[in-house]
Amino acid sequence: MRTDLHRHLIDPVTNPLAAVRNLGILAHVDAGKTTVTERILYLTGTTHKRGEVHDGTTVTDFDPQERDRGITIFAAAVSCAWDGHRINLIDTPGHVDFSDEVERSLRVLDGAVAVFDAVAGVEPQSESVWRRADRHGVPRIAFVNKLDRAGADLDTAVASIRERLHPAPLVVQLPIGTEESFTGVVDLLRMRALVWADGAESADEVPVPQGLLEEARRRRRLLEEAVAELHPVALEEFCARFTLSAQTLSTALRDLTSTGEGVVVLCGSAYRNRGIEPLLEAVVAYLPSPLDVPAVRGTHGGAEQERAADPEAPFAGLVFKVNATATGRMTYLRVYAGTVEKGQAVMDVGTGRTERIGRILRVRADRHAELERAVAGDIVAVIGPKTARAGATLCAPAAPLLLEPPVVADPVVSVAVEARRSTETDRLVSALTRLVEEDPSLVVRTDSETGQTVLSGMGELHLEVAVEKIRRSHGLDVAVGRPRVAYRETVARGVSGLVYRHVKQDGGAGQFAHVVLDVQPLGTDPDGAEGSPAGFTFRSAVVGGRVPQEYVRAVEAGCRDALAEGPLGGHPVTGLSVTLTDGATHAKDSSEMAFRTAGRLGLREALRASAMLLLEPVVEVTVTVPEDAVGGVLGDLAARRGRVSGSLARGSTAVITATVPLVELFGYATRLRSRTQGRGVFTTRPTGLAPAPAPSQGAPAR
């Protein structure tokens with residue numbers, strides 16, 4: 001089955017970049033992302049056998065832990081060809097603990113397919129990854145999957161897209177049959193039916209069934225009206241002819257996808273191989289090529305520059321993933337401009353280091369094909385760079401350009417790790433170093449008070465996977481302590497006019513700095529949870545030049561140093577405003593170092609004099625349980641200091657939403673399974689910080 005809807009939009013003969021699509025598969029965990037990817041690979045001839053998640057035979061979930069757990073943990077890049085187009089595809093994780101993998105993938109993608117469960121509709125992580133794609137400006141189309149499941153309903157899923165994600169859903173298909181009897185779709189653009197026989201690899205094109213013809217015409221009319229409301233050219237044609245041609249609809253749908261005003265919605269069942277061909281056609285027809293997205297922007301010498309997606313331009317690429325093993329490093333790269341060849345020298349702009357490209361590989365998860373070169377628009381892996389990290393910019397040494405790296409979220413959960421045998425401590429350090437190279441959302445530090453090695457990450461499962469990787473990949477026996485969450489401290493009631501004098505005289509030039517500080521709460525973060533404070537601001541209200549500007553900057557730097565440890569338990573401090581109101585200098589003994597010291601020690605003293613509040617990370621928990629277990633689950637959430645914000649009946653199950661302190665969720669998965677006989681599941685989404693019990697009430701110190 002092929003359509004011609006995209007032929008007028010691109011010309012891959014005159015410009016091969018027009019035939020490239022860089023897209024990701026985004027969804028909530030267990031919505032069917034990996035199965036969609038596997039069917040795409042099978043249908044495009046990239047694989048010759050259908051991989052199944054439950055059998056552990058998928059191409060993209062190739063890591064042993066992914067196959068054991070049945071979920072995607074690491075973003076996997078694959079490449080395939082369809083109808084003369086090169087599709088570079090990244091299968092992303094759906095679990096919130098691995099959202100940093102999604103963030104780094106979205107940074108290098110031109111488009112995405114958002115997969116939704118036809119029974120559950122928009123789920124918490126669906127919404128989270130959708131918002132991330134919004135921030136990156138990534139155009140999307142939607143695929144409502146699992147229409148063969150009991151309780152599947154396309155209209156309900158589309159309504160949840162409209163209500164929770166807020167684009168205009170533009171449904172271009174009508175299902176033929178429901179649940180077990182789902183056999184195909186009606187293509188509303190071309191008014192034809194596509195039907196898949198049991199076990200068939202491709203669809204048969206047939207006339208629209210008589211029983212669905214009237215409903216198909218009604219939905220086609222609704223689609224035309226929705227498109228005409230959003231697209232001026234389509235509106236002109238609609239007003240003139242009272243209908244829209246398939247060509248006009250296709251062009252308008254592509255434009256609306258690009259701007260994000262609308263989202264094309266398709267449907268099917270990836271497991272049964274139904275709906276994948278139209279999905280591939282929609283990817284080609286509606287999602288942009290590298291030529292259709294704005295030129296990449298970067299900085300050089302403080303000035304912002306653009307670099308077009310042109311193979312003849314100077315080379316520039318962004319590293320978005322690194323695999324570090326005992327035998328070498330594989331660096332995954334999106335080429336934004338220019339051409340890179342085997343043996344070429346490139347510059348890591350962040351470090352100024354020159355690296356040499358030894359090999360270039362076309363990626364298919366854990367298998368690769370050698371390339372001589374990669375050009376603008378390609379997503380490839382390279383071997384050779386020894387120090388480039390995720391987020392690094394590689395470019396031509398003669399034309400440096402620093403690209404904006406992906407945002408790395410702050411870790412929220414920590415565990416203490418140590419080798420059970422002291423002789424393996426050095427090997428553990430090496431293993432942790434490789435882990436951090438691969439996953440920037442993992443942070444390793446040594447606690448200055450306890451001497452423990454602390455591994456921090458995005459959640460309990462994230463850390464569990466990281467530790468298991470150390471055990472499996474490096475053969476180390478690792479002891480793990482109870483996870484610790486990242487507490488913060490903030491100012492509840494500040495102080496004004498705190499005077500601090502730093503005077504030190506021990507022979508030779510001395511140190512003198514006199515500062516007067518006001519410390520006040522900063523307020524709340526509008527993007528955080530209720531009560532979640534904003535970060536830190538500093539300003540100077542000194543008049544008459546009593547403190548020179550260079551010393552003001554030193555005082556600010558000292559104050560920032562003091563934020564590392566608060567007075568309650570040594571946790572980082574956030575949510576405060578510091579104002580330098582006065583000060584004094586000494587003609588000989590004042591220096592930037594003296595004022596930095598005064599800023600640090602003065603703010604510490606001010607914090608001790610302030611009323612401080614301990615903050616703890618809180619998460620939104622969505623629990624899906626059988627109706628008969630709701631009472632016990634609600635009681636357990638209350639015992640964990642949870643605040644229930646919603647409850648929704650969905651068939652024979654209930655969906656409970658609550659805000660719970662992260663520290664109370666350790667071990668919750670086991671507890672939930674025991675209360676629901678293994679039928680309950682839950683997901684979490686970080687929402688910010690909230691006041692915690694005071695240290696005297698048992699809140700943990702650092």
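Mentor: Gladly! Start with the naming of angles: those under 35 degrees count as roughly parallel, over 145 as roughly antiparallel, 65 to 115 as roughly perpendicular, and the rest as oblique. Keep in mind that this is a predicted model.

Trainee: How are H10 and H11 oriented relative to each other?

Mentor: Two packed helices are described by the angle between their axes and the distance between the axes. Here, helix H10 (residues 425-438) and helix H11 (residues 460-474) cross at roughly 120 degrees, and their axes come within 10 Å. H10 and H11 are therefore oblique to each other. Their crossing is right-handed.

Trainee: Which residues make the contact between H10 and H11?

Mentor: From H10 come Arg 427, Leu 428, Ala 431, Leu 432, Arg 434, Leu 435 and Glu 438, while H11 supplies Ala 466, Lys 469, Ile 470 and His 474. Sorted by class, the contact of H10 with H11 holds six nonpolar, one polar and four charged residues.

Trainee: What angle and axis distance do H12 and H13 have?

Mentor: Helix H12 (residues 549-562) packs on helix H13 (residues 592-609) at an angle of about 40 degrees, and the axes are 7 Å apart. Because of that angle, H12 is oblique to H13. H12 passes H13 in a right-handed crossing.

Trainee: Which residues of H12 and H13 meet?

Mentor: On the H12 side they are Glu 550, Tyr 551, Ala 554, Val 555, Ala 557, Gly 558, Cys 559, Asp 561 and Ala 562; on the H13 side they are Glu 592, Phe 595, Arg 596, Gly 599, Arg 600, Leu 603 and Arg 604. By class, this contact of H12 with H13 has eight nonpolar, two polar and six charged residues.

Trainee: And at what angle do H3 and H4 cross?

Mentor: Helix H3 (residues 99-107) and helix H4 (residues 124-136) cross at roughly 30 degrees, with axes that come within 10 Å. That angle is why H3 counts as roughly parallel to H4. H3 passes H4 in a right-handed crossing. The residues in contact include Val 102 and Leu 106 of H3, and Val 129 and Ala 133 of H4. The class tally for H3 with H4 is four nonpolar, three polar and four charged residues.

Trainee: What lines the second largest cavity?

Mentor: Its lining is made of Ala 77, Val 78, Ser 79, Asn 88, Leu 89, Ile 90, Val 363 and Ile 379. Strand S2 (76-82) and strand S3 (85-91) are the elements that give two or more residues to this lining. By class, the lining has six nonpolar, two polar and no charged residues.

How values were computed
Residues numbered from 1 in each chain as written. Predicted model: local features only at pLDDT ≥ 70, side-chain atom pairs only at ≥ 80, totals over all residues. Heavy atoms only, no water. 1 Å grid on protein atoms, 1.4 Å probe; cavity = no way out; pocket = protein on both sides within 12 Å on 5 of 7 lines; lining within 4 Å. Helix = DSSP H or I, 4+ residues; strand = E, 2+ residues; numbered from the N terminus. Nonpolar A, V, L, I, M, F, W, Y, C, P; charged D, E, K, R; others polar. Axes fitted to C-alpha atoms, helices over the stretch in contact; angles between N-to-C directions. Left-handed = near helix turned anticlockwise from the far one by under 90°. Contact = heavy atoms within 4.5 Å.
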